[in-house]
Amino acid sequence: MFTNQLKIAWRNLLKNKGFTVINVLGLSTGVAACMLIAIYILHESSYDKAVTDSSQIYRMLNRDIREGKIDDGIHFSANTASTVMHDFPEVINAGRLNDNDLFYGAGSNEIRIEGQEMQHHEKGFTYADQAIIDIMDIDMIHGEKKSALSEPFTLVISETISKKYFGDSNPVGRSIYLNGNDNQPFRINGVMEDFASNSHMNYDFLLTLSGVEFGEGEQTRWIQSNYPTYIQLQPGTDVAAFQKKLSHTLIYDYLKPAYEAGGFVMPDNAEESFSIQLQPLTDINLYSKNIAFEAGKRNDIKVISIFGIVAVFILVIASINFVNLSTAKSANRAKEVGIKKVVGSSKNHLIGQFLTESILVTFIAFMIGTLLSFLLMPLFREISGKALQIPWANPWFAVSILIGTLGVGFIAGLYPSFYLSRFKPSAVLKGKLAIGSKSSSLRSGLVIFQFAISIILIIGTLIVNQQLNFILNSKIGFEKEQVVQLYGTHMLGDRIATFKEELKGLNGVKSVSVSDYLPLESTKRNGNGFVNEGRDNIDETVFGQAWVIDDDYLETLGMKLVEGRNFSEERSTDEQATIINQTMAQKLNLEDPLGKRISRYGEVYEVIGVVEDFNFSSFKQKVEPLSFFLGTSATITSVKIETGDIGSLLSSMETKWKAFMPNMQMRYAFMDDSFAEMYNNVNRIKQIFISFAILAIFVACLGLFALSAFMVEQRKKEISIRMVLGATLQGIYKLLTFNFIKLILVAAAIATPISWYIMSRWLEDYAYKIDISWEVLTVGSAIAIIIAVFTISYQSVSAALAQPYRNLNTE
């Protein structure tokens, strides 16, 4: 029976080639889009789940809630991990990382391999406890896992780095020198497997924390927080109860006494605004939006949810085409149903026949859609910035395709099957049945749904694009254009001042500044506590950034002094001076800040200037308090240029560099490019939105084109009679298009408020954002309407231009 139904279904598909092609094309496009997004979502949701006992591993957070705003921090004092291990039996293990390039060796370094002369730049350095290897269950290719980081001045490198510098040989025991320091080798104690693409850790070098102290007393000082800290809990631990216990104990037994001893104020009811939280390891990738230091590094569950909804809706839009076309075509199959019923076919048999056709179409579409997703995967991988792969070897992949084929085929074919099988033979065979010639309420509703989704995607794309342009083109308080950043200039040592003067002498160079504290992500940051002089233990501490700059910094980056003066290296007193931003002045309640003295951890500085606020973090965070101090922090040198011949100037700069550093390549970037890279995630969201908005409108219009074609086919005699009686081209066009345009306008009316709500929620994450205007909502709807009008115009105009006698010659 099934074989017979399959043969009949195949013949019907071949008989109605146009119907089949449109359905298969629409469904396969929807399947490909849905499959790509599903693979992306699964990848983002799978972060760190492969780690052994991942459900028992947590990262500690310090949560600050002020004025209803949640700010999470990931940095704790050096002794937090050991204290947690000692005081809480629920904890199996605790370990620390430190990847902040404020500290020598962390972040990125210039490295030299033992026995070689060339310096090489490498990123991905972090300090780590031996416990991190144990907690994260990091597998070793060479070396002893249990003792890989147990000795001072040792490190573990990744398999990729091992192959890059040592080929297939075992590098354990070899030495690496960092940043030109030939007096202190780091011995390779192990080679670890590369972190997976779905791990929130992506380090290539683990430097031991054994014997390391970043400043005198740093390892026992509670008020100096430098370490992301991870803990592993005993199985069966009540996490909520333990978190409450952990937070209360650390705050009142350790942090509050230590802060008060250091001159900071922590109120008795501190837990009302401050707490210690435990973040599950598997939540880090998708639930870290409140963590400032993680901005740009993690994804967001909100974005993932939106993409998931988009994937489902695109598939639904494609399925709607099948329902609409099947019911619109019903008149063409009415006699087939009538004859089959006359010769004895039951209603259930007919339902089975139509469902078989639906599942066959869906099966073909899923096969083509899978092929399309394979062909589009390299492009999608580039757009998403993720190492995505189609999981051919996973048995669940084939099962999912099978379930998807049967599910979509059954659901999409269910209504048409019941609809077609209910025809009465007597009415059909007497010619009294005229079905599918006019829009039914169901088809109208489905068309409205299709275009509402398409309009939402179009408006979403326009708003994401507007927000990205706002970010890249807003006045941000500094000049990022025409600034060249030279990296690794700390390798020059005490020759940096001479190199700076050499650069200043080049034609086309306006000014040069040496500082690696820049208003860009992935440059140095240093959070400190500030109070007005003499107000220790009285006023609430203002936490802000403390940046080290030279006296050319403000000019090079085009920052505006609103009060006071700049630093001068000729004034020895400026070593105890500071320039603050407007937010710092406001937070410290300094109405007339010049000449005032502020305290940073007990050391007092005089305010000599106030710089206009500038955005040095993501647009998702408001400008924080900041204080500049005169000094040298030489990893990056910024060069302000004013020339049309940038290539020639870069060549001159490289000549100067080689004269100073013959064994090291010059690395540079333009500041505006580096600034744009901070928002790669937003740009990727925009590109994904554009891609799937195009697919959605394509699939919807494909169905609209076919639906209008069937409507014209059903009404061709009516159109011819109207033309014989004097109807005009405009009249026929309006007759055939008015109902469709009305449906699109209804879709626009529904989609507009929904789009506004969804995108307003997305923009909530930004401290600085655009206002959603009626113009963008109108333009989004207009784009969909224009595309729809062009889609149906071909059929309408063709029908209006056709000769009436061709359709009436049988009458």
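Which residues make a nonpolar surface patch of about 760 Å²?

## A nonpolar patch

I368, L371, L372, F374, L375, L376, L379 and W392 make this patch. Patches take residues with over 30% relative accessible area and no salt bridge, joining like charges within 9 Å and nonpolar side chains (Val, Leu, Ile, Met, Phe, Trp, Tyr) within 5 Å. W392 sits in the loop between helix 9 (347-384) and helix 10 (395-421).

## About the model

This is a predicted model, in which local features need pLDDT of at least 70 and side-chain atom pairs count only at pLDDT 80 or more, while totals for chains, interfaces and linings use all residues. Residues are numbered from 1 along each chain as its sequence is written, and side-chain values use heavy atoms, leaving out hydrogens and water.

## Salt bridges

Let's turn to charged pairs. The whole structure holds 26 salt bridges, each a side-chain nitrogen of Lys or Arg within 4 Å of a carboxyl oxygen of Asp or Glu. One of them joins D182 and R112 at 3.0 Å, N to O. D182 lies in the loop between strand 9 (175-178) and strand 10 (185-192) and R112 in strand 5 (residues 107-113), so this pair ties together parts 70 residues apart in sequence.

R112 counts as buried at 13% relative accessibility, and D182 as partly exposed at 45%; buried means under 20% relative accessible area, exposed over 50%, and partly exposed in between (1.4 Å probe, protein chains only).

K504 and D552 also meet in a salt bridge, at 3.1 Å, N to O. D552 is buried, with a relative accessible area of 12%. Salt bridges that share partners join K500, E501, K504, D550 and D552 into one network.

Definitions and conventions. Accessible areas come from the Shrake-Rupley method with a 1.4 Å probe; for residues, only the protein chains shown count as cover. Helices (H or I, at least four residues) and strands (E, at least two) are DSSP runs, numbered from the N terminus.
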